[in-house]
Amino acid sequence: MHFLVRLAVFLSLCGCSNAQGQTKEEDTEEVKIEVLHRPENCSKTSRKGDLLNAHYDGYLAKDGSKFYCSRTQDEGHPKWFVLGVGHVIKGLDIAMMDMCPGEKRKVIIPPSFAYGKEGYEGKIPPNATLMFEIELYAVTKGPRSIETFKQIDTDNDRQLSKAEIELYLQKDFEKDEKPRDKSYQKAVLEDIFKKNDHNGDGFISPKEYNVHQHDEL
C-alpha cells in the first residue's frame with residue numbers, strides 16, 4: 001500500500017480522537033495562510049464537499065526539508081481529493097477552503113492540525129509544524145453528488161463512459177479559463193479511470209463513482 005494511502009487511512013482513524021483530545025494550547029493554534037496569487041476573475045471558490053484538483057509540496061517548517069512532492073508522485077498528475085471530509089490532513093482541509101482555480105497559497109500547519117505528538121513513520125517527526133505550497137487547478141462538485149453524476153451521464157444509462165467524462169472535463173476546463181492541452185486532459189481522464197473503474201469494464205458505475213479512493217495526504 002502506498003505511503004499516502006496509509007497516511008489517509010491513518011488520518012481517518014485518528015481524526016476524531018485528535019479533535020476530542022485537544023489541549024488549551026492546541027486550541028490557540030491556527031493554520032496560517034499566505035495567498036501568493038489569486039486570479040482577478042474568480043466566479044467559484046472551494047467549499048466543503050467539493051472535488052479539488054491540485055499540486056502541493058510539503059516541507060518540515062523547522063529545517064525546510066521536503067517530505068512530499070505531488071509532481072514526482074504517480075507520474076506527476078495533480079491530485080484529486082474531496083475537501084473537508086478527511087481525505088487530507090485537517091490543516092489542508094482548512095487551508096484550501098475558499099480557494100479559486102488558479103490560486104496559489106503558502107500555508108503553515110501546526111502539529112495539532114497535522115500529525116500531532118505521534119508524527120508519521122519516521123517521515124514526519126513528532127510535534128512537527130508543516131509548510132505546504134499549493135496550486136489549485138480545478139473545483140467541481142464532489143463525487144458523491146447525484147446531480148454531478150446525472151450531468152455526466154448524458155445518455156442516462158446509469159454508467160459513465162470515457163467519452164462522457166472526457167466531455168464533462170473539457171467543459172469544466174473551459175470554465176476554468178486556463179488553457180489545457182489535450183495531453184493534460186487525457187492524463188486526468190486516465191487517472192480517473194485508473195482509480196475508479198474497479199472492475200476494469202471501461203465504465204464507472206454509481207457504486208464505483210461514490211467509492212472515492214485516491215492517494216492523497
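Author: What follows goes through the disulfide, the salt bridges, one histidine and the nonpolar cores in turn.

This is a predicted model, in which local features need pLDDT of at least 70 and side-chain atom pairs count only at pLDDT 80 or more, while totals for chains, interfaces and linings use all residues. Residues are numbered from 1 along each chain as its sequence is written, and side-chain values use heavy atoms, with hydrogens and water left out.

With a disulfide taken as a pair of cysteine sulfur atoms within 2.5 Å, the count comes to one. It joins Cys-42 to Cys-100, with 1.9 Å from S to S, and because the torsion about the S-S bond is about -100°, this disulfide is left-handed. Cys-42 sits in the loop between β1 (32-37) and β2, and Cys-100 in the loop between α3 (90-95) and β5 (104-109), so the pair ties together parts that lie 58 residues apart in sequence; here helices (H or I, at least four residues) and strands (E, at least two) are DSSP runs numbered from the N terminus. If buried means under 20% relative accessible area, exposed over 50% and partly exposed in between (1.4 Å probe, protein chains only), then Cys-42 is partly exposed at 28%, whereas Cys-100 is buried at 0%.

A salt bridge requires a side-chain nitrogen of Lys or Arg within 4 Å of a carboxyl oxygen of Asp or Glu, and the structure holds six of them. In one, the side chains of Arg-38 and Glu-103 meet at 2.7 Å, N to O. This pair links the loop between β1 and β2, which holds Arg-38, with the loop between α3 and β5, which holds Glu-103, 65 residues apart. Arg-38 is partly exposed, with a relative accessible area of 36%, while Glu-103 is buried at 0%.

Another salt bridge joins Lys-162 and Glu-190 at 3.4 Å, N to O, and it connects helix α5 (residues 162-176) with helix α6, across 28 residues of sequence. Both ends are partly exposed, Lys-162 at 33% and Glu-190 at 36%. A further one brings Asp-57 and Lys-66 together, their closest N and O atoms being 3.9 Å apart; Asp-57 is buried at 9% and Lys-66 partly exposed at 46%. Asp-57 and Lys-66 also belong, with Arg-71 and Glu-135, to a network of salt bridges.

His-55 is found in strand β2 (residues 51-60) and is buried, with a relative accessible area of 5%. Its side chain makes a polar contact of 2.6 Å with that of Ser-70, a polar contact being a pair of N or O atoms within 3.5 Å in which, within protein, one must be able to donate a hydrogen and the other to accept it, and residues adjacent in sequence count only if both atoms are side-chain atoms.

As for the interior, a nonpolar core is a set of buried Ala, Val, Leu, Ile, Met, Phe, Trp, Tyr and Cys residues joined through side-chain atoms within 4.5 Å. The largest has 28 residues, and those with the most contacts inside it are Met-96, Ile-109, Leu-130 and Phe-132. Strands β2, β3 (66-69), β5 and β6 (130-140), together with α3, each supply at least two residues of this core, and the largest share, five residues, comes from β6. Apart from this core lies another, of 18 residues, including Ile-165 and Ile-192.
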